[in-house]
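Hello,

Here is the structure I promised to pass on. Please open it alongside this note.

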Amino acid sequence: MIFNPFSLLGKNIIITGASSGIGRQCAITCSMMGANVTLFGRDQSRLEETLKQMEEPVRHLSCAIDLTEYDKIEEATREIVKKTGRINGLINCAGISSTLPLNAISPQKMEQFFQTNVICAINLTRQVVKSPNFSESGGSIIFIASVMGVVGENGKTLYSMTKGALVSAVKSISVELAPRKIRVNAVSPGVVETPMSENAIYSRNEESLNKIRAMHPLGLGQPADVANACVVLLSDASRWITGTNMIVDGGYLAR
Ligand SMILES: NC(=O)c1ccc[n+]([C@@H]2O[C@H](COP(=O)([O-])OP(=O)(O)OC[C@H]3O[C@@H](n4cnc5c(N)ncnc54)[C@H](OP(=O)(O)O)[C@@H]3O)[C@@H](O)[C@H]2O)c1
């Protein structure tokens, strides 16, 4: 048998946002790399659709839950651990996006975005890393942030604030969890072709989409480009990588 440091064989991985786009592809790719995956999303039928595309669907679980229902997360995590055994990794991928000028960012909008993009991810992470839930030999937590957490763009204040919060949170959480060998990193994609980017304002006409394409020297990303980066961070090959923000952007930030 050939040694593969990137293998996820036998690792129990939870992935949020697994009913669509990047999260769905992370689930498919992790299953191909040998992981046993638990899929989180709100829509059971879309989770089933993901399951069908995964390697050996019977090996995996799905959990239809709205992550903003904070009180349900502790029990849901405990139930998953009962079924799968302790957790080795988590990808916090669920998220929402917007393009809004500053004067349209009401306090209600800010609360909604921070709830979904930040609080849900930190709340789930807090439950997952509780000692009875997480592998005693350590593991890996990933937050899907965005290049918008590092640089700015017109109309991106709201989204950027939430993604920047994740990039910052990763640093302190990684320090706190390092003694337990739990590594914590962000992955920051540029524009990736998913339902989220297809619904964005810039996708409404070819001219503005071309402008976005031109900002990415390697072209727009595919969900697999982000999923492959996540495999590296979930695997033992990255055992010395923590507290970082891995940029996966086709050169967007290099310009
Ligand atoms: N696409 C891009 O260009 C891009 C670039 C940089 C970063 N990102 C980030 O990558 C992540 C995935 O984006 P995507 O493009 O794959 O988006 P997507 O196709 O719209 O998928 C979003 C996922 O988030 C889930 N979700 C949203 N709110 C939720 C909630 N309250 N509870 C549970 N699940 C919830 C959705 O599940 P439901 O089935 O329940 O709706 C869906 O599975 C996001 O964090 C996004 O900010 C995307």
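This is a predicted model: local features need pLDDT of at least 70, side-chain atom pairs count only at pLDDT 80 or more; totals for chains, interfaces and linings use all residues.

**Ligand surroundings**

The ligand is surrounded by 31 residues. Ser19, Ser20, Arg46, Tyr159 and Thr194 are the closest of them.

- Ser20: a side-chain N or O atom sits 2.5 Å from an oxygen atom of the ligand.
- Tyr159: a polar atom of the side chain is 2.6 Å from a ligand oxygen atom.
- Gly17: here a backbone N or O atom is involved, at 3.1 Å from an oxygen atom of the ligand.

Tyr159 turns up again in the next section, as part of a helix contact.

**Helix 4 with helix 5**

Helix 4 covers residues 107–128, and helix 5 covers residues 157–177. Their axes are 10 Å apart, and the packing angle is about 25°. Angles under 35 degrees count as roughly parallel, so helix 4 and helix 5 fall into that class. The crossing is right-handed.

Which residues make the contact? From helix 4 come Lys109, Met110, Phe113, Phe114, Asn117, Val118, Ala121 and Ile122. Helix 5 supplies Leu158, Tyr159, Met161, Thr162, Lys163, Ala165, Leu166, Ala169 and Ile173. By type, this contact has 13 nonpolar residues, two polar and two charged.

**Helix 3 with helix 4**

Helix 4 also meets helix 3, which spans residues 73–84. The two axes come within 9 Å and cross at roughly 45°. That angle makes helix 3 oblique to helix 4. Helix 3 passes helix 4 in a right-handed crossing.

On the helix 3 side, the contact uses Ile73, Glu74 and Thr77. On the helix 4 side, it uses Asn123, Leu124, Gln127 and Val128.

**Met215**

Where does Met215 lie? Met215 is in the loop that links helix 7 (206–214) and helix 8 (223–234). Leaving aside residues up to four places away in sequence, Met215 touches Glu153, Tyr252 and Arg255. Phe3 is 212 residues from Met215 in sequence. In space, the C-alpha atoms of Met215 and Phe3 are 38 Å apart.

Best wishes

Conventions
Residues are numbered from 1 along each chain as its sequence is written. Side-chain values use heavy atoms; hydrogens and water are left out. Axes are lines fitted to C-alpha atoms, for helices over the stretch in contact, and angles run from 0 to 180 degrees between N-to-C directions. Helices (H or I, at least four residues) and strands (E, at least two) are DSSP runs, numbered from the N terminus. Angles under 35 degrees count as roughly parallel, over 145 as roughly antiparallel, 65 to 115 as roughly perpendicular and the rest as oblique. A crossing is left-handed if the near helix is turned anticlockwise from the far one by less than a right angle, and right-handed if clockwise. Contact means heavy atoms within 4.5 Å. Ala, Val, Leu, Ile, Met, Phe, Trp, Tyr, Cys and Pro count as nonpolar, Asp, Glu, Lys and Arg as charged, and the others, Gly among them, as polar. A residue is near a molecule or strand if one of its heavy atoms lies within 4 Å of it. A polar contact is a pair of N or O atoms within 3.5 Å; within protein, one must be able to donate a hydrogen and the other to accept it, and residues adjacent in sequence count only if both atoms are side-chain atoms.
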